Amino acid sequence: MIRCQRNAWIHGVATLVVLTTAFLLRVSAADWCWIILAISIVWTAEALNTAFEFLADAASPEFHPLVRDAKDVAAGAVLVTAMAAAVIGAIIFWPYVQKWIA
């Protein structure tokens, strides 16, 4: 997945940024649990999307509009999980950032 999916690299960079930020802000154990859950859900969605794309390409090497639509839905699922993870991150990090700013 890392070798062939550009979005996996984006998720990798985001993961490193989030983990580094959480470490530097010394988030609580409970917050770590939410962060790890959010990261794992996004990575799982990305892996399933990648597997689905490979399978769809093998099943239908020629262009087919239904395959395109199915790939779009799978990619949309990754987007939904990434957006949810971003909301979780905002909820978790905002109080720590406020303390750091004040």
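A: The account below takes the helix pairs in turn and then the cysteines.

The model is a predicted one. Helix H3 spans residues 65-101, and helix H1, made of residues 6-25, packs against H3 with the two axes 11 Å apart and an angle of about 20° between them. Because angles under 35 degrees count as roughly parallel, H1 is described as roughly parallel to H3. The crossing of these two helices, H1 and H3, is left-handed. On the H1 side, the contact involves His11, Val18, Thr21, Ala22 and Leu25, which meet Val78, Ala82, Phe93, Tyr96 and Val97 of H3. By class, the residues of this contact of H1 with H3 comprise 8 nonpolar and 2 polar, with no charged residues.

Helix H2, residues 29-59, also packs against H3, here at an angle of about 170° and with the axes 9 Å apart. Since an angle over 145 degrees counts as roughly antiparallel, H2 and H3 are roughly antiparallel to each other. The contact of H2 with H3 has 19 nonpolar residues, together with 2 polar and 5 charged ones.

As for the cysteines, a search of the whole structure finds 0 disulfides. Cys4 has 45% relative accessibility and therefore counts as partly exposed. Cys33 counts as exposed because its relative accessibility is 54%, the cut-off for that class being over 50%.

How values were computed. Residues are numbered from 1 along each chain as its sequence is written. This is a predicted model: local features need pLDDT of at least 70, side-chain atom pairs count only at pLDDT 80 or more; totals for chains, interfaces and linings use all residues. Side-chain values use heavy atoms; hydrogens and water are left out. A disulfide is a pair of cysteine sulfur atoms within 2.5 Å. Buried means under 20% relative accessible area, exposed over 50%, partly exposed in between (1.4 Å probe, protein chains only). Axes are lines fitted to C-alpha atoms, for helices over the stretch in contact, and angles run from 0 to 180 degrees between N-to-C directions. Helices (H or I, at least four residues) and strands (E, at least two) are DSSP runs, numbered from the N terminus. Angles under 35 degrees count as roughly parallel, over 145 as roughly antiparallel, 65 to 115 as roughly perpendicular and the rest as oblique. A crossing is left-handed if the near helix is turned anticlockwise from the far one by less than a right angle, and right-handed if clockwise. Contact means heavy atoms within 4.5 Å. Ala, Val, Leu, Ile, Met, Phe, Trp, Tyr, Cys and Pro count as nonpolar, Asp, Glu, Lys and Arg as charged, and the others, Gly among them, as polar.
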